[in-house]
Amino acid sequence: MPLSVRERTSKAGRASAAALTPEQRRERASRAHLASAVAAVVNRAPELTPDQVARLRAVFGTAAGSAGQRAA
């Protein structure tokens, strides 16, 4: 029986994560957490324009990148 898309992506994600070093897993988790926080802010502020949303994502994205560089 062929795998569903959800099952395939789940297996691929696990295989991908298994190949990462602990430092890479921490970085991936940190970025995912930041993306979740940005999404929470954006979703709770429906009055934001698309331009404002893009600016918020850019600012937080830049902060995530610089935080990773500082830790290295």
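The following numbered points describe the predicted model shown above.

1. Basis of the note. Residues are numbered from 1 along each chain as its sequence is written, and side-chain values use heavy atoms, with hydrogens and water left out. As this is a predicted model, local features need pLDDT of at least 70 and side-chain atom pairs count only at pLDDT 80 or more, while totals for chains, interfaces and linings use all residues.

2. Overall architecture. The chain contains three helices and zero strands, and its elements follow the order α-α-α from the N terminus. Helices (H or I, at least four residues) and strands (E, at least two) are DSSP runs, numbered from the N terminus. Helix α1 covers residues 5-18, helix α2 covers residues 22-43, and helix α3 covers residues 50-71.

3. Confidence. The mean pLDDT of the chain is 80, and 85% of its residues reach 70 or more; pLDDT is the predictor's confidence in each residue, from 0 to 100. Among the elements, helix α1 has the highest mean pLDDT, at 88, and α3 the lowest, at 67. Over residues 66-72 the pLDDT is below 50, and beyond near neighbours in sequence this stretch has one contact in the model. Contact here means heavy atoms within 4.5 Å.

4. Burial and surface. Of the 72 residues of the chain, 8% count as buried. The term buried means under 20% relative accessible area, exposed means over 50%, and partly exposed lies in between (1.4 Å probe, protein chains only). The chain exposes about 5900 Å², of which carbon and sulfur atoms supply 60%. Accessible areas come from the Shrake-Rupley method with a 1.4 Å probe; for residues, only the protein chains shown count as cover.

5. V38 in helix α2. V38 lies in helix α2 and is buried, with a relative accessible area of 7%. Not counting residues up to four places away in sequence, V38 touches R57 and F60. V38 and G61 are 23 residues apart in sequence, yet their C-alpha atoms are 9.0 Å apart in space.

6. L34 in helix α2. L34 also belongs to helix α2, but this residue counts as partly exposed, at 23% relative accessibility.

7. V53 in helix α3. V53 has its place in helix α3 and is buried, with a relative accessible area of 17%. Leaving aside neighbours within four places in sequence, V53 is in contact with V42 and L48.

8. Salt bridges. Side chains of opposite charge can pair when their charged atoms come close. A salt bridge is a side-chain nitrogen of Lys or Arg within 4 Å of a carboxyl oxygen of Asp or Glu, and by this rule the count comes to two.

9. The pair in helix α2. E27 forms a salt bridge with R31, with the closest N and O atoms 2.8 Å apart. Because E27 and R31 are four residues apart in helix α2, they are separated by about one helical turn. E27 is partly exposed, with a relative accessible area of 29%, and R31 is partly exposed as well, with a relative accessible area of 48%.

10. The pair in helix α3. The side chains of D51 and R55 meet in a salt bridge at 3.4 Å, N to O. Both residues lie in helix α3, four residues apart, which is about one turn of the helix. D51 counts as partly exposed at 45% relative accessibility, whereas R55 counts as exposed at 55%.
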